[in-house]
Amino acid sequence: MIDLLKTVLGAVATKDIVPVLNNFCLYKSLFNKESRIQGSNGILYIDAAFPHPISEITVPANKFIKAIEACDGMPDFSITEAGRLSIKRGRFRAYLPTLPSADYPVASQA
């Protein structure tokens, strides 16, 4: 999964001109209802299937990858009551801020 995330990270904006473009968007495809992840810098979009059913949020891309790497395997994801993304595996816990997926300019829904 780390290789997939690093590939999608290749499209994420490196400057903070439009903050939402520093995020990954996790969403469900309109066509086949599979979970997808998308990264973009506003010009280039990379979209891929995501192997977990969590969707309809955006999370900071770099923090998300660091948390997944720290898990050393497939973590459990959930959304807290405060609206943060919880990433857990064993004793590791990370809570990432989220934005509504409506704030993210999804290029096309595969």
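User: In which strand does threonine 58 lie, and is threonine 58 buried or exposed?
Analyst: Threonine 58 lies in strand β4, which covers residues 57–60; helices (H or I, at least four residues) and strands (E, at least two) are DSSP runs, numbered from the N terminus. This is a predicted model, in which local features need pLDDT of at least 70 and side-chain atom pairs count only at pLDDT 80 or more, while totals for chains, interfaces and linings use all residues. Residues are numbered from 1 along each chain as its sequence is written, and side-chain values use heavy atoms, with hydrogens and water left out. Buried means under 20% relative accessible area, exposed over 50% and partly exposed in between (1.4 Å probe, protein chains only), so threonine 58, at 0%, is buried.

User: Which residues does threonine 58 touch, not counting residues up to four places away in sequence?
Analyst: Contact means heavy atoms within 4.5 Å. With residues up to four places away in sequence not counted, threonine 58 touches Asn23, Phe24, Cys25, Pro97, Thr98, Leu99, Pro100, Ser101 and Tyr104.

User: Where is glutamate 56 found, and what is the C-alpha separation between glutamate 56 and serine 101?
Analyst: Glutamate 56 is found in the loop between β3 (45–49) and β4, and its phi is near 65°, a positive value in a residue other than glycine. Its relative accessibility is 40%, and therefore glutamate 56 counts as partly exposed. Leaving out residues up to four places away in sequence, glutamate 56 touches Leu26, Tyr27, Lys28 and Ser101. Although glutamate 56 and serine 101 are 45 residues apart along the chain, their C-alpha atoms are separated by 5.1 Å.

User: Is leucine 26 buried or exposed, and which residues is leucine 26 in contact with, leaving aside neighbours within four places in sequence?
Analyst: Leucine 26 is found in strand β1, and because its relative accessible area is 0%, leucine 26 is buried. Between leucine 26 and leucine 9, which are 17 residues apart in sequence, the C-alpha to C-alpha distance is 13 Å. Once neighbours within four places in sequence are set aside, the contacts of leucine 26 are Arg36, Ile37, Phe50, Ile54, Ser55, Glu56, Ile57 and Val59.

User: What is the phi of lysine 33, and where is the place of lysine 33?
Analyst: Lysine 33 is exposed, because its relative accessible area is 55%. Its phi is near 65°, which is a positive value in a residue other than glycine. The place of lysine 33 is in the loop between β1 (23–28) and β2 (35–40).

User: How many disulfides does the structure hold?
Analyst: A disulfide is a pair of cysteine sulfur atoms within 2.5 Å. Cysteine 25 is buried, with a relative accessible area of 0%, and cysteine 71 also counts as buried, at 6% relative accessibility. The number of disulfides in the structure is zero.

User: At what angle do helix α1 and α2 pack, and are α1 and α2 roughly parallel or antiparallel to each other?
Analyst: Helix α1 (residues 2–9) and α2 pack at an angle of about 165°, and their axes are 10 Å apart. Here axes are lines fitted to C-alpha atoms, for helices over the stretch in contact, and angles run from 0 to 180 degrees between N-to-C directions. Angles under 35 degrees count as roughly parallel, over 145 as roughly antiparallel, 65 to 115 as roughly perpendicular and the rest as oblique. The pair α1 and α2 is therefore roughly antiparallel.

User: Which residues in α1 and α2 meet?
Analyst: From α1 come Ile2, Leu5, Lys6 and Leu9, and these meet Ala61, Asn62, Phe64, Ile65, Ile68 and Glu69 in α2. Ala, Val, Leu, Ile, Met, Phe, Trp, Tyr, Cys and Pro count as nonpolar, Asp, Glu, Lys and Arg as charged, and the others, Gly among them, as polar. On that basis the residues of this contact divide into seven nonpolar, one polar and two charged.

User: Where is the place of lysine 66, and is lysine 66 buried or exposed?
Analyst: The place of lysine 66 is in helix α2, residues 61–71. Its C-alpha atom and that of alanine 102, 36 residues apart along the chain, are separated by 24 Å. Because its relative accessible area is 59%, lysine 66 is exposed.
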